[in-house]
Amino acid sequence: MDRKWIYYVGLGLVSIIWGANFGVSRSAMETFDPILFTFIRFGGAIPFFFLLLKLREGSVGITWKAALKLAVIGLIGVTVLEIAVMYSIKYTTLANASLLNVAPWPIFAALLAPLFVKEKFTSRLAVGGAAAAVGVVLIITGGGDGLDLSSEHMIGNLLALGVSIIGALFNLACMPLMKQYSALRVSAWFILFGALFMFPLTLGSWSKVEWASLGAGHYAAIGYNILICTLFAFVVWNACMFKIGAARANFFRYIVPASAVVVGYIMFNEQVTMLQLGGGICIALGLVWIGMERQQKPGI
């Protein structure tokens, strides 16, 4: 097997993990303020990141120049991005937010890639990406909520679209730094900075949590978010993205809504429609088509 498939499998696995987190975190949101829970996720992962970094690489340091870059990446890619996701959901419908958060992200990554990396936007990538994008639309709209483009949702829709732009820039900005440092080191530092910037926004939320009443389900959700969704997922995603290119890698984000639908069916007995099944098939075919292309190593 061509070694590139290892990276495609890694991207797919991370997307499944992130999609599953919609179900895992749903109950936790009834207890925690969303920003506080997000901070716990990223802040709780920091000791594990740096311990693993020390054990694997023998050091944890970076240059001041890299630290400044990673501080900006953490501020935009963790603090601003995660808050924008939450408020986009608040000010528009879930279907609108899901579609606008997910579908344009890989497209913006492909269009903006020349600013950061030397990646060609090939016809195979365009065809496979278009098929996968159609699959995302079918999965999200096939759930019965439908799209609502009325003016009352304009702020939320713009925020959701902004998430796609910010997310694409966030991924691309990491690429040059991973030429200098490992994916683990880059991930550890931008998550550290992102959590630090987010902390002041949580100060009014800690006292609202009834910590003594937390059950096993809450701690399981926290552990899943810290160890799987953050520590494991960010390192694997960044490492695989660096190997196959940001534009190509980001199309694998289209697996996220498909995974969320499956988890909703398993955990909450939510109905899966024929349109959603068809969407899943479109995503699978599109990503397989992308993966069959002979890949050149991206330049930085």
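Trainee: What does Arg185 form a salt bridge with?
Mentor: With Glu57; the closest N and O atoms are 2.8 Å apart. A salt bridge here is a side-chain nitrogen of Lys or Arg within 4 Å of a carboxyl oxygen of Asp or Glu. Bear in mind that this is a predicted model: local features need pLDDT of at least 70, side-chain atom pairs count only at pLDDT 80 or more, and totals for chains, interfaces and linings use all residues. Residues are numbered from 1 along each chain as its sequence is written, and side-chain values use heavy atoms, leaving out hydrogens and water.

Trainee: Where do Arg185 and Glu57 lie?
Mentor: Arg185 is in helix H8 (residues 183-198) and Glu57 in helix H2 (residues 34-57), so the pair ties together parts 128 residues apart in sequence. Helices are DSSP runs of H or I, at least four residues, numbered from the N terminus.

Trainee: Is Arg185 buried or exposed?
Mentor: Arg185 is buried, at 7% relative accessible area. Glu57 is partly exposed, at 31%. Buried means under 20%, exposed over 50%, partly exposed in between, with a 1.4 Å probe and protein chains only.

Trainee: How many salt bridges does the structure hold?
Mentor: One.

Trainee: New topic. At what angle do H5 and H7 cross?
Mentor: Roughly 45 degrees; the axes of H5 (residues 104-112) and H7 (residues 154-180) come within 8 Å. Axes are lines fitted to C-alpha atoms over the stretch in contact, and angles run from 0 to 180 degrees between N-to-C directions.

Trainee: Which residues of H5 make the contact?
Mentor: Pro104, Trp105, Phe108, Ala109 and Leu112. On H7, they include Leu161, Gly167 and Asn171. Contact means heavy atoms within 4.5 Å.

Technical notes:
Helix = DSSP H or I, 4+ residues; strand = E, 2+ residues; numbered from the N terminus.
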